[in-house]
Amino acid sequence: MQPKEVTRLYLARHNAHDVEGVMALFAENACYEIPGRLVRHGKGEIRQAEEWEAAVHDQIRTGDLVQADHEVSFRAFASNEWLRAAGVDELRYTSMTIAVRAGHIIRITAALAPESLRAIETAH
């Protein structure tokens, strides 16, 4: 499967709160990182995050997907029940990059916009 296809599947399954479907897309040693905020290593830690995001009905909407080699990049916006309860309508990611090898996600790097980072820090 091509990186763009894997990315589209990830987004669709994430937005459908299909944790098992999302996890099937990740390599065992995958990494999910929001620089300066959090790092999740391996499927176990990523699963915990996906289960929480499914529980709060997280939704990601994106701009155009741009593929370069094995990476797909895009701008993204996330919203969920927890954020809304904390007074934050949505988070803006200046860039999100999904790296894919052999049909599996090996890394997601999501760069939060400064105002979104401040909103999360205030909400905590």
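Trainee: Which residues have the most contacts inside the largest nonpolar core?

Mentor: Those are Y10, F26, Y93 and I105, in a core of 31 residues; a nonpolar core here is a set of buried Ala, Val, Leu, Ile, Met, Phe, Trp, Tyr and Cys residues joined through side-chain atoms within 4.5 Å. Keep in mind that this is a predicted model, where local features need pLDDT of at least 70, side-chain atom pairs count only at pLDDT 80 or more, and totals for chains, interfaces and linings use all residues. Residues are numbered from 1 along each chain as its sequence is written, and side-chain values use heavy atoms, with hydrogens and water left out.

Trainee: And which element gives the largest share of that core?

Mentor: Strand β6 does, with five residues. Helices (H or I, at least four residues) and strands (E, at least two) are DSSP runs, numbered from the N terminus.

Trainee: What is Y10 in contact with?

Mentor: Leaving aside neighbours within four places in sequence, Y10 is in contact with V22, L25, F26, Y32, E50, I60, I98, I105 and I108, where contact means heavy atoms within 4.5 Å.

Trainee: Changing topic, which residues of α3 are buried?

Mentor: In α3, which runs over residues 42-55, the buried ones are G42, I46, E50, E53 and A54; buried means under 20% relative accessible area, exposed over 50%, and partly exposed in between, with a 1.4 Å probe and protein chains only. They cover an arc of only 105° around the axis, which puts them on the same side of α3, the arc being that of the directions from the helix axis to the C-beta atoms.

Trainee: So what covers them, and what sits on the face turned away?

Mentor: The cover includes α1, α2, β1 and β2, while the face turned away from the buried side carries the exposed residues Q48 and A55.

Trainee: How do β1 and β2 pair?

Mentor: They pair in the antiparallel sense over four bridges, and two strands count as paired if DSSP finds at least two bridges between them. Y32 stands opposite R40 in β2, and in the hairpin, which has three residues between the strands, G36 takes a positive phi near 80°.

Trainee: One more: is T97 buried or exposed?

Mentor: T97, which lies in strand β6, counts as buried because its relative accessibility is 15%. The side chain of T97 is also joined to that of S73 by a polar contact of 3.1 Å; such a contact is a pair of N or O atoms within 3.5 Å, and within protein one must be able to donate a hydrogen and the other to accept it, while residues adjacent in sequence count only if both atoms are side-chain atoms.

Key:
Expected span 1.5 Å × (residues − 1).
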